[in-house]
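Hi everyone, thanks for making time. I'd like to walk you through two spots in the model on the screen, so let me bring it up.

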Amino acid sequence: MPTIDFTFKVRKCEPEVIVPANPTPHEFKQLSDMDDHQSLRFQIPLLNFYEHNPNLEGRDSVKIIKEAIARTLVFYYPFAGRLREGPGRKLFVECTGEGILFIEADADVTLEQFGDALQFSSSLSWFQDVIYNVPNSDSMVNSPLLLIQVTRLKCGGFIFAIRLNHTMADGFGLVQLMKAIAEIARGAYAPSIFPVWQRALLTARDPPRITCRHPEYDQVPVTNDTAIPIDNMAHRFIFFSPLKISALRQTLPAHLRHCSSFELIAAYVWRLRTIVLQLSPEEKVCFVFPVNLRTKINSLPLGYYGNVLVFPAELTTVANLCGNPLGHAVELIRKAKAKVTNEYVNSLLDLVVMKGRSLFTAGWPYIVSDLRRVGFEEVDFGWGKAVYGGLTAGGFGTFPGTLSFCISFVDKKGEKGIMVPLCLPALAMERFMAEFDALTNVEQLVDEVDSHQQRIVASVL
């Protein structure tokens, strides 16, 4: 198995524009109030890696996918337009038919040579080569809404990379678009699920009124003591095996041992991350996590591809989080999750409008997204499902050090578990890994998990 980072050459053609294969309407479409708040105004890069398929010898993945994109844009024509910003910072799409950016590329590397680097792409030297950031193309308004690069590999496989303006769609909406391209690439005349706009379904009430607490949008002054230094950041990837998850679960009181793996891992990482940052005991820290509402909002039609996410949060102090056992952090996360009611969603949409489409709280928020069931790897352009598919840590460069996510992962031994990419200042990362690595002995984990953290907590508090 090669080392995680390595270099190879990528020959890129000049970026080109793909327009819809047929004429599309010129019209204006407003985004929902769930789409266009400030915290979603960034670009998401995603990479899917595909193996060589001997049954498709002689077929060109670039040509097939490029033609499929043009035909798919007839159905998803808003993506071929440009965002504009109106009064009150309200975003809308002008469906101009100008098209999306596309890059054709070839790399002198095989899929096998990537090894474990598939999942770790964002912090590696070659990331920008397989999803090239075309200069002046990534503004929120007046720029292409999608950039797609298809890179052929020496083995016959390829990399499908896509960059999305997050205000247009969430992960589930992006997968719906990718599956539409894939279906047409496999020979369909139209996608099996037709896209639905209807963003008015998720807009503020008239008049708007805030009826719930939303600490994730509380704005606090940012000082040198309440901002993560970003000039010397380190990236690591934390693997939770089933045994480690089980052992961590045993440290919880009986009434919490049925919590989800996400709740357990998120609580553990949030608590230890806060400890190693060595914040003042009275400092406020905030845990935020996206909740997909597609199964909770009955009025959303099949095919709706906009953002259907809320970000409940729980605010506490460093002393309260770090001075209590892991179970307390789990309870805080479960408390935040329980906030998501219909009234909470309506109140949030009203807050977005009333407070000028606010950014997430400044200071010490930590946002963790569970991406295990979004389905990036299920997209099949005809060469089979992706060997790896998903977001990268580089997808959250707008918020360095504040965002992580859970992805499914199979290690070198074939063991399935959960991986959490983590970004911290270098010294804090050293402290984090020292504590995490000390817990690798599963038999001792139950007894040691609190003692290790209590030792380092004592040095902080």
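Let's begin with helix α6, residues 261-276, and helix α10, residues 426-437: their axes come within 9 Å and cross at roughly 130°. This is a predicted model, by the way, so please take the numbers as computed from it. As for handedness, α6 passes α10 in a right-handed crossing.

Which residues meet there? From α6 we have Y268, V269, L272, R273 and V276, and they meet A428, R431, F432, E435 and F436 of α10. Sorted by class, this contact has seven nonpolar residues, three charged ones and no polar ones.

Now over to strand β4, residues 43-50. Is it buried or exposed? Mostly covered, as it turns out: eight of its eight residues are buried. If you look at the side chains, Q43, P45, L47 and F49 point one way, while I44, L46, N48 and Y50 point the other way, and all of these are buried.

β4 also has strand partners. With β9, residues 158-165, β4 pairs in the antiparallel sense over eight bridges; to find your place there, look for N48, whose bridge partner in β9 is F160. With β16, residues 388-391, the pairing is antiparallel as well, over four bridges, and there F49 has Y388 as its bridge partner.

That's my tour, and I'm happy to go back to either spot.

Key
Residues numbered from 1 in each chain as written. Predicted model: local features only at pLDDT ≥ 70, side-chain atom pairs only at ≥ 80, totals over all residues. Heavy atoms only, no water. Buried < 20%, exposed > 50% of the residue type's maximum accessible area, 1.4 Å probe, protein only. Helix = DSSP H or I, 4+ residues; strand = E, 2+ residues; numbered from the N terminus. Pairing = 2+ DSSP bridges. Axes fitted to C-alpha atoms, helices over the stretch in contact; angles between N-to-C directions. Left-handed = near helix turned anticlockwise from the far one by under 90°. Contact = heavy atoms within 4.5 Å. Nonpolar A, V, L, I, M, F, W, Y, C, P; charged D, E, K, R; others polar.
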